[in-house]
Amino acid sequence: MAAPQKFIMRVIVCEGDIRNITMPIKPDTLEDFITWLKDALQANYSFALQYQDPEFNNELCNLTDVSELPEKPTIKIIPLIELVPVTEQSQSWSDTTSQADTEILPIVSSERSSQWPEKFETPKFSVDVEYRLRQGNLLYLRDGSYLTVTKELKHDILQTLAETMYTFKAYSQKEDCAVVAKALVQTHPCLKEKGSSGWEGWKNSIYFKVGNHRNKLRKMGRLDVSVNGGKRGRHTTGGDPPSKDIKKPKKGEINFLPDYPEGMEDHNLEGARQVLVQEMMKTKPNASLVKKEMDVTFALRRQEVVKDKPAISQMVQRWPALFTESQVYCEFSRVVGKNLRENFFDSLDNFSTSLIELFRKKRGLTGQLLAALLRQTKSSDPTDIRCLCLQGLPVILGDDPSAFFKTCSDAADKDAYSQTPVGIVCIDEENSPLNPSRVGIILEGNVVCDGLANLPQAFCVLFGLIYALHLDYPKCMRYTFLFVQQVMLNLGKSQLAPKIQTLKNQLAEVWLTSSVAMPSRTSAFRVWWLHTRNTSLLNGVTILQTPAAKHPWRQKEPRGDEPITHGLELVHLGKNINHDNLGQD
């Protein structure tokens, strides 16, 4: 009996991995063939097979039966991605759904649910790309060699990165691309480029790829990018300059102009809006129904406020639920992805101690105005402290609070605030001039939200309404609102205006000198000790200077409005020291 002949084949695993493999015997079935190849290649993923068919000039064809293989065939591995079916979970609806505290899953038209991450995680690529990168990383760890990136491989990497970045924001800046490029080469060091940084070329490639990806989405009709279509170059719509009326997020919005929910059109959403109006006419509207319909109509509402910019009076008539406190917080969460009430008051309380201490240290006319506010605060009640901080913040930032905070004895007396575009009206001041018992919100000379409990609550709701209605900050309080946005809530651009950066530095200096009992050791140890106790307060601020006469350590002193990363860069005998030796005497 003749011995079985060995089965020799050429296997293409990927573009850079082509092997000559010999089987002891030709398999009988395709399943046995794939199982044997998985063991031989040590592949932990599923794949299909193609082979070069000699009847079609050796073009690749899908392999469906082992008998189709010629002698000494060339076989290509095609990785497969297995999709796991998701079964719909049965939901039980009962009469309790009509209660106001019942949670209803919202229908959201945009996939964005969070801000740009503090640390960008490199996404997973396709199976083929991940395999090649893993092999390249192993070679880099072994002998430090870089992977030769082909055009096809680079395209796949950039496409995945652009799609991932779009899930956080539609208009990524060069700073964002730099963060992604750094994360890419840190995760896959074989992709480093020869040069000082190793990622500069990737940053530029990512920046251009993001722009190309945006153009593709614009052609597909995505609203957040198609709204600016035709506004570049000489042939702009209406002959306007390219930079005029560009609609893009400027205050940290993640769902700036979302698409309609799947299956929804204008007439469907308009019907839902009318249901909302009818429900709000009731004495006690169904809170669950209101929240559900507000979630459904979110995209329609954003189109109105961003593209049409209607008058506030028209918005009050069309969307009365939007001017209730609960829905202001919900709308802010839809637009920004953060809990406004929780984050605003937590941050205000964290800054209150340093702010009050800074108020006491101010001199001149600013100091006199702040001293008057301090004298009016006669208790340590949290609400009184918050009122003091919110009324003192515009004074210390050089804003004009008199044009923003209005007072009157009756809300019907419009003469006191009819010329105020955006502001807060204190309707009753019998209890305390600093913390009135009844507060309202002014928009375009009319009180749109009345009966709020206190001034901090009104300020928080007004901040949410500015986002919900796509309004500009009032000029008289511009720096105050920017401080709340950028410093307290950490939204939008990280680069601060000089006034705001100076205040942030001063608050950190106050905290360092007044709020912390530091060990009596060398300056370097004290800075290291403070850094381990509260990194968030030291991020982007300066550290107080220790006189060189007392200690050999001295600080590189920047300008008052110049940010310092962690503020921990010290100089000793002309040499910079790092964090590792800050604990040494």
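Biologist: How many disulfides does the structure hold?

Modeller: This is a predicted model, in which local features need pLDDT of at least 70 and side-chain atom pairs count only at pLDDT 80 or more, while totals for chains, interfaces and linings use all residues. Residues are numbered from 1 along each chain as its sequence is written, and side-chain values use heavy atoms, with hydrogens and water left out. A disulfide is a pair of cysteine sulfur atoms within 2.5 Å. On that criterion the number of disulfides is 0.

Biologist: Which cysteine has the closest sulfur to that of cysteine 426, and how far away is it?

Modeller: Cysteine 426 is buried, at 4% relative accessibility (buried means under 20% relative accessible area, exposed over 50%, partly exposed in between, with a 1.4 Å probe and protein chains only). The closest cysteine sulfur is too far for a bond, because it belongs to cysteine 387 at 8.4 Å.

Biologist: Is threonine 74 buried or exposed?

Modeller: Threonine 74 lies in strand E5, residues 74-79 (strands, E, are DSSP runs of at least two residues and helices, H or I, of at least four, numbered from the N terminus). Leaving out residues up to four places away in sequence, threonine 74 touches Arg10, Ile12, Gln50, Tyr51 and Gln52, where contact means heavy atoms within 4.5 Å. With a relative accessible area of 12%, threonine 74 is buried.

Biologist: What is the strand order of the open sheet of 5 strands, and which are the edge strands?

Modeller: The pairing in this sheet is mixed and the order is E2-E1-E5-E3-E4; two strands pair if DSSP finds at least two bridges between them. Each edge strand pairs on one side only, and these are E2 (17-23) and E4 (59-62).

Biologist: Which residue in E4 stands opposite aspartate 53?

Modeller: Strand E3 (residues 47-53) runs antiparallel to E4, joined by 4 bridges. Opposite aspartate 53 stands glutamate 59.

Biologist: How are helix H7 and helix H8 oriented to each other?

Modeller: H7 (residues 266-280) and H8 (residues 287-296) pack with axes 9 Å apart at an angle of about 150°; axes are lines fitted to C-alpha atoms, for helices over the stretch in contact, and angles run from 0 to 180 degrees between N-to-C directions. Contacts include Leu269 and Ala272 of H7 and Leu289 and Val290 of H8. Angles under 35 degrees count as roughly parallel, 65 to 115 as roughly perpendicular, over 145 as roughly antiparallel and the rest as oblique. H7 and H8 are therefore roughly antiparallel.
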